[in-house]
Amino acid sequence: QVGAIYIVAEGPEGLFLIDQHAAHERILYEKMMEQRYGLSGGEVAQQQLLEPLTLHVGHALAGQVADQLPELLRVGFAVEAFGSDTFLVRAVPSVLAGEDPLRTLEEIAAGLGDRRNLVGEELEARLVKMVCKRAAIKAGQPLSVIEMQELVRQLEECQSPRTCPHGRPTMIQLSAGEL
């Protein structure tokens with residue numbers, strides 16, 4: 001690991017510098033989309049909360065959030081209206097374990113305000129991308145050798161391993177000749 005940001009790996013085509021955050025985003029995105037659209041039955045894994053969290057979005061965004069409650073449920077958030085601009089969060093996507101789900105939902109609510117014209121699968125894919133960005137390993141996070149090996153192994157299994165869901169490269173390849 002270099003700078004707690006990049007994983008250095010050797011492959012048949014040379015040396016790879018893997019961006020741990022972008023790679024983990026790609027892995028999480030494909031897992032969530034597989035849970036949603038794959039053979040597993042169409043449900044994203046959720047973590048039920050012992051006590052509901054209270055989400056305040058403000059009057060300007062409350063209507064948009066209320067309109068998207070079914071979409072939020074499809075990506076793993078069980079949210080219900082609880083007053084004019086307040087919502088109760090009863091479950092979150094399991095990939096957010098250990099993260100602050102309210103911050104993620106606040107970002108999603110702001111994103112809904114910016115992207116009023118998104119519908120259906122396009123909106124769902126954007127929501128999944130936002131969840132994955134928040135849940136992914138961060139730059140600067142030290143990883144053990146086993147964690148790095150597992151991350152690389154999972155990235156190799158991805159359908160689109162070369163970019164994160166937002167289009168950022170997950171890796172740079174240097175051939176033996178270039179080295």
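1. Start with helix H6: the exposed residues Val145, Ile146, Gln149 and Glu156 sit on the face turned away from its buried side. Here exposed means over 50% relative accessible area and buried means under 20%, using a 1.4 Å probe and protein chains only. Helices (H or I, at least four residues) and strands (E, at least two) are DSSP runs, numbered from the N terminus.

2. Before going on, note that this is a predicted model, where local features need pLDDT of at least 70 and side-chain atom pairs count only at pLDDT 80 or more, while totals for chains, interfaces and linings use all residues. Residues are numbered from 1 along each chain as its sequence is written, and side-chain values use heavy atoms, with hydrogens and water left out.

3. Now the other side of H6. Its buried residues are Met148, Leu151, Val152, Gln154 and Leu155. They line one face of the helix, because they fall within an arc of 165 degrees when you look down the axis of H6; the arc is that of the directions from the helix axis to the C-beta atoms. The cover over these buried residues includes E1, E2, helix H1 (20-37) and strand E6 (171-174), with contact meaning heavy atoms within 4.5 Å.

4. Closest to its centre, of the 13 lining residues, are Phe16, Ile18, Val152, Glu156 and Met171. On a 1 Å grid over the protein atoms alone, a pocket is an open set of points with protein on both sides within 12 Å along at least five of seven lines, a cavity is a set where a 1.4 Å probe fits but cannot get out, and lining residues have an atom within 4 Å of a point. Grid points are joined across faces, edges and corners, and a volume is the space filled by probe spheres set on the points.

5. What about cavities? The whole structure has one of 30 Å³ or more. The largest cavity has a volume of about 40 Å³, and Leu55, Val65, Leu72, Val79, Leu105, Ile108 and Ala109 line it. H4 gives the most to this lining, with three residues.

6. One more look at H4 (residues 101-114), which holds Thr104. Is Thr104 buried or exposed? Thr104 is buried, at a relative accessible area of 1%. Leaving aside residues up to four places away in sequence, Thr104 touches Phe77, Leu96, Val131 and Arg134.
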